[in-house]
Amino acid sequence: MIIDGHVHTPFCPHGTRDTLKQYIENAILQTYSSISFTEHAPLPPSFTDPVPTKDSGMKLQMMDDYISTLQQLKKNYEKDITIHIGLEVDYIEGYDEEIKKFLNAYGASLTDSILSVHFLPTPSDFVCLDFSPDSFRKLIDAHGGVDAVHRLYYQTLLRSIEADLGRYKPTRIGHMSLSHKFQNLFPTEESFTEETDAILESIKKRNYSLDMNSAGLRKPYCQSTYPPPSILEKAFRQGIPLVYGSDAHKSEDLGAGYSQLKQYVSNVY
Ligand SMILES: [Zn+2]
Ligand SMILES: [Zn+2]
């Protein structure tokens, strides 16, 4: 039985139009016992999405429809599968108050969410680090090297874990090595063990869990899980709960990479 804690939906403006029914029925077919829909949350109102298509997050006006549609499906399918209603919430440095305000408004309807970092600052604006090799290149130029971008990513991730985002703050940390998405194009010199150890320590201290994300396996320049097996093994030994996440943006990606990750799966539901 597969538990998948990270799945996107047709409410995602950059995903596919695959219907929720397609996701759910494929999940049942693949012997899922539980699926958490974690759509990209609306970005803070005063934040400008740096992606040219401006489609990184759901529109705020869609939130009520998102929640009520999933509540209905959760009921319809309750005999076959557990459906969690959640979000993948962006941590953006400096926007803590707006993120908290949003979570205070919607958090009571959510049962399983993820906290992720996709946006990093430059001296002039923000960049979506995983959008394209070009966007990553922009960060390298702004921060003076590949390693500096990774260091900034890990610092921001640590800050997200420590941030006060209120009582509805998600407690699972999304794809903790996302800065390695283009690692075959932009190799690193350092291993960042100090940074990743500090992140694991902080997760452990707060009883948070880790998204064990298979999306990197499907990315041509990454070909690794987020985080890679060396970090998963450490987290596993430390007793940090690890939750498989397909990060599917189309229904056919459900279950992808599970065979490589199932050895670390923790029972957290
Ligand atoms: Zn997405
Ligand atoms: Zn993500």
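Glu88 is buried, with a relative accessible area of 1%; buried denotes under 20% relative accessible area, exposed over 50%, and partly exposed the range in between, as computed with a 1.4 Å probe on protein chains only. The structure is a predicted model, in which local features need pLDDT of at least 70 and side-chain atom pairs count only at pLDDT 80 or more, whereas totals for chains, interfaces and linings use all residues. Residues are numbered from 1 along each chain as its sequence is written, chains are lettered from A and ligands numbered from 1 in the order in which they are written, and side-chain values use heavy atoms, with hydrogens and water left out.

Glu88 (OE) coordinates the zinc ion (ligand 2) together with His118 (NE2) and His175 (NE2), at 2.1 to 2.3 Å. Donors are N, O and S atoms within 2.8 Å of the metal (3.2 Å for Na, K and Ca); water is not among the atoms, so sites may look incomplete. The donor residues follow the spacing E-x29-H-x56-H in sequence. Distant parts of the chain are linked by Glu88, in strand S3 (residues 82–90), and His175, in the loop between strand S7 (172–173) and helix H6 (193–205), 87 residues apart. Helices (H or I, at least four residues) and strands (E, at least two) are DSSP runs, numbered from the N terminus. His175 is likewise buried, with a relative accessible area of 2%. A distance of 5.5 Å separates the zinc ion (ligand 2) from the zinc ion (ligand 1).

Helix H5 (residues 146–162) has 17 residues and should span 24 Å at 1.5 Å a residue; its end C-alpha atoms lie 25 Å apart, which agrees. The expected span is 1.5 Å times one less than the number of residues. H5 is mostly covered, with 12 of its 17 residues buried, including Val146, His150, Leu157 and Ile161. The buried residues of H5 pack against strand S4 (114–116), strand S5 (119–121), helix H4 (133–143), S7 and H6, contact being heavy atoms within 4.5 Å.

A search of the whole structure finds zero disulfides, a disulfide being a pair of cysteine sulfur atoms within 2.5 Å. The sulfur of Cys128 is too far for a bond, because the closest cysteine sulfur, in Cys12, is 11 Å away. For Cys222 the closest cysteine sulfur is that of Cys128, at 15 Å, also too far for a bond. Cys128 is buried, with a relative accessible area of 8%, as is Cys222, at 4%.

Ile3 is placed in strand S1 (residues 2–7) and is buried, with a relative accessible area of 17%. Ile3 and Tyr258 are 255 residues apart in sequence and 9.8 Å apart in space, C-alpha to C-alpha.
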